[in-house]
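Let's sit down with a model and work out how to read it, one feature at a time. Bring your questions.

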Amino acid sequence: MSMLQNVTLGQYFPGTSVVHRLDPRTKLGLALAYIIVLFIARTGLSYSVLALASAGIVLLSEVPIKLVLRGLRPILMILSLTVVLHVFTSREGVELVSFWFIRIYSGGVIQGFMLAFRLVLLVLSTSILTLTTSPIALTDAIELALRPLRRFGVPAHELAMMMTIALRFIPTLLEEAEKIMKAQLARGADFESGGLLKRAKSLLPLLIPLFISAFRRADELAMAMEARCYRGGEGRTKYKVLAYSRLDLYAAMCFTAVGVVALAL
Amino acid sequence: MPIQLNNVSFTYSPGTPFERHALRGINLSIADGEFIGIIGQTGSGKSTLVQLLNGLIKPTQGTVRVGDVTTTDKGVRLRPLRQMVGLVFQFAEHQLFAETVAADIAFGPLNLGLDPSEIAARVDEAMLTVGLPLEMKERSPFELSGGQMRRVAIAGVLAMRPQVLILDEPTAGLDPRGRDEILTRIGALHRERGITVILVSHSMEDIARLVSRIVVIHEGEVLHDGPPREVFCSAESLSGIGLGVPQATEILRRLRLAGWNVPAVALTLAEAHGFIVEAWRERSGEA
């Protein structure tokens with residue numbers, strides 16, 4: 001069950017900090033811009049500036065550092081693989097170690113760690129976005145961002161609604177999974193021991209009821225939406241209308257400054 | 001399998017902003033063969049309490065001892081414990097997964113590593129105990145009615161032959177007939193097998209006439225613990241936390257407030273009827 005508690009994505013951390021109060025559109029746009037800058041940046045100095053900016057945002061957001069770092073756990077494997085591959089395969093720069101068949105060059109070490117660093121910043125910036133923005137606000141922002149694309153046949157509202165529903169039901173399904181898991185454990189089920197095939201098979205008593213309940217929920221939800229005359233996005237107004245504030249302007253300005261500095265260095 | 005809870009507390013997501021104290025300092029001992037009703041409002045901690053009893057969750061503080069197993073011990077083997085303490089969850093029909101009723105009921109015994117003939121015998125026995133006709137064995141559990149599915153799920157736990165049977169709201173969402181049927185079966189099970197039965201409910205009505213002891217949980221603490229007659233004497237405190245007393249007791253309480261000379265507690269309407277008739281006779285005799 002510890003597995004189920006480690007999903008940071010979409011785990012909104014409620015708060016009233018400056019970062020929380022930003023308009024979700026601003027946050028989405030800035031996160032996107034940050035990622036672009038991150039990929040353009042080449043020098044260690046630019047990365048340091050970007051890392052500093054990230055650290056500043058984390059501090060401002062008042063989200064416990066532990067929670068932010070927890071988002072990195074799933075990519076630990078990829079991180080170590082990136083570093084190891086670069087360190088052992090790259091042939092650039094000065095030779096540092098030469099032992100038997102192992103040759104390590106300075107270029108590989110630098111590149112490996114830079115890439116890993118980039119990945120860390122990438123994940124950090126996106127988890128800060130999801131930690132400080134409620135899923136609903138985020139999909140609202142996505143819907144508005146996609147709206148201009150409607151002209152080309154992109155169903156912006158429908159996509160946003162699907163995302164809202166999916167996000168809304170992640171915790172519900174996790175809770176349900178935990179409940180069913182417990183019920184089967186109470187009947188002596190064993191989800192942990194045995195070979196791969198046996199373990200995959202032992203998941204059936206968990207997955208089948210979970211699927212059945214997901215379909216039942218989907219059916220009930222569709223019925224409830226129809227009962228309230230849902231008919232898609234055409235002419236639909238919103239209860240909470242997003243509005244930019246002065247805060248968003250400041251945030252954009254700070255961010256532009258950081259981006260310019262990072263790219264200039 | 002005597003059960004002993006010693007100063008047990010349980011906290012969900014400790015150390016996070018979502019921290020919630022579900023149970024605080026619970027002391028409870030349950031002897032063999034008792035029939036206990038655990039009553040409390042939604043969110044009072046009763047479901048958490050029963051999950052502690054078969055080691056599905058472990059107390060944040062204190063100890064839970066079942067027989068000679070302490071669930072927080074290192075290297076404790078939980079599977080034998082879960083065989084001895086059978087737990088039927090709320091809306092247990094949501095756990096059904098197999099293609100046939102028989103296969104679903106056999107899941108528990110199969111996990112215990114019993115041999116096929118023994119499993120088949122237990123499936124039959126469990127189906128009869130919950131009142132499912134044996135012809136249903138080869139049916140898909142998903143074709144059955146809600147009440148029947150619930151009974152398949154209960155049979156799935158009974159087939160493990162637990163010495164302690166815990167049922168979390170076994171009648172929630174059933175129609176009155178399905179409810180009575182299940183409660184009657186549970187009562188009979190307790191009488192005939194002498195196993196310990198723990199019935200979790202938020203309804204006094206259901207439990208009053210069945211159990212021999214009631215434990216009232218409120219905000220994670222034991223508020224009352226005693227035989228139904230004793231617990232129902234504190235009608236004010238019970239309705240204060242939104243639980244109320246059985247209708248029969250409520251009628252007597254109101255009659256007493258109106259100056260009638262009737263006992264304070266009746267568990268069934270028939271019993272209340274007797275008291276009222278007696279008091280009526282007494283009155284007319286005086287006149």
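This is a predicted model: local features need pLDDT of at least 70, side-chain atom pairs count only at pLDDT 80 or more; totals for chains, interfaces and linings use all residues.

**Reading the model, feature by feature**

Q: What does the domain assignment give for chain A?
A: It gives domain 1 (1-133 + 242-265) and domain 2 (154-234). Taken over C-alpha atoms, the centres of domain 1 and domain 2 of chain A are 31 Å apart.

Q: On to chain B. In what order do the six strands of the open sheet come?
A: Read across the sheet, the order is E6-E7-E8-E3-E9-E10 in chain B, with mixed pairing. Strand E6 (85-88) and strand E10 (221-226) of chain B each have a single partner strand, so they stand at the edges with one side lacking a neighbour in the sheet. From one strand to the next, the twist averages 15°.

Q: Which way do the strands around E9 of chain B run, parallel or antiparallel?
A: Take the pairs one by one. Strand E3 (residues 35-40) and strand E9 (residues 213-218) of chain B run parallel, joined by five bridges, and B:Gly40 sits opposite B:Ile217 in E9(B). E9(B) and E10(B) are antiparallel, also over five bridges, with B:Val216 opposite B:His224 in E10(B). The hairpin of E9(B) and E10(B) has two residues between the strands, and B:Glu219 takes a positive phi near 45° there.

Q: Which strands does helix H6 of chain B lie across?
A: Helix H6 (residues 176-193) of chain B lies across E3, E7 and strand E8 (196-201), at about 155° to E8(B).

Q: How do I read a pocket?
A: Rolling a probe the size of a water molecule over the atoms shows where empty space is left. Here the second largest pocket holds about 540 Å³ of space. It is lined by 24 residues, and the closest to its centre are A:Leu22, A:Leu30, A:Ile57, A:Ala251 and A:Phe255. Elements giving two or more residues to that lining include helix H3 (24-40) and helix H12 (246-264) of chain A.

Definitions and conventions
Residues are numbered from 1 along each chain as its sequence is written. Chains are lettered from A and ligands numbered from 1 in the order in which they are written. Side-chain values use heavy atoms; hydrogens and water are left out. Domain bounds come from an automatic or database domain assignment. Two strands pair if DSSP finds at least two bridges between them. Helices (H or I, at least four residues) and strands (E, at least two) are DSSP runs, numbered from the N terminus. Axes are lines fitted to C-alpha atoms, for helices over the stretch in contact, and angles run from 0 to 180 degrees between N-to-C directions. Contact means heavy atoms within 4.5 Å. On a 1 Å grid over the protein atoms alone, a cavity is a set of points where a 1.4 Å probe fits but cannot get out, and a pocket is an open set with protein on both sides within 12 Å along at least five of seven lines; lining residues have an atom within 4 Å of a point. Grid points are joined across faces, edges and corners, and a volume is the space filled by probe spheres set on the points.
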